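The sequence and model come first.

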Amino acid sequence: MNIGGLDRRITIQRPTLSANAYGEQEESWATYITCWAQIERKPAAVEQNSGEQIVSVNKVVYNIRYSNDSKATQAGFRISYDSKIYKIIGVHEVGRNERIRLITEIIE
């Protein structure tokens, strides 16, 4: 992996549960790791059927360096980058301990 291509500073967040004033569980987001990333390809918008509606889905693929922390990243976590939030829908290890590919959808 060419580390010169890691030119985006992203924050990976994980969901946490905490009790509110009424004792109900609320989901919030906590910073898991902050790292340098590369956008593998430009954001792509596609249309999908959701029920009887056609919705637009914007997908972005990020590559990050492999580490003990990054290898534990899971689908369901999210990425905060450039004032936007991306839901991680897939995590793939590329090579042998080389990099992690994060497939995301932008949340609008």
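At 54% relative accessibility, D82 counts as exposed, where exposed means over 50% relative accessible area, buried under 20% and partly exposed in between (1.4 Å probe, protein chains only). The model is predicted: local features need pLDDT of at least 70, side-chain atom pairs count only at pLDDT 80 or more, and totals for chains, interfaces and linings use all residues. Residues are numbered from 1 along each chain as its sequence is written, and side-chain values use heavy atoms, with hydrogens and water left out.

D82 is not a glycine, yet its phi is positive, about 55°. D82 sits in the loop between β5 and β6 (84–94); strands are DSSP runs (E, at least two residues), numbered from the N terminus. N97, also a residue other than glycine, has a positive phi near 55°. The loop that holds N97 lies between β6 and β7 (99–106). With 45% relative accessibility, N97 counts as partly exposed.

| Pair | Sense | Bridges |
|---|---|---|
| β1 (residues 8–19) and β2 (residues 25–39) | antiparallel | 12 bridges |
| β1 and β5 (residues 78–81) | antiparallel | 3 bridges |

A hairpin is formed by β1 and β2, with 5 residues between them. In its turn, G23 has a positive phi of about 85°. On the β5 side, T11 stands opposite S80.

How values were computed:
Pairing = 2+ DSSP bridges. Helix = DSSP H or I, 4+ residues; strand = E, 2+ residues; numbered from the N terminus.
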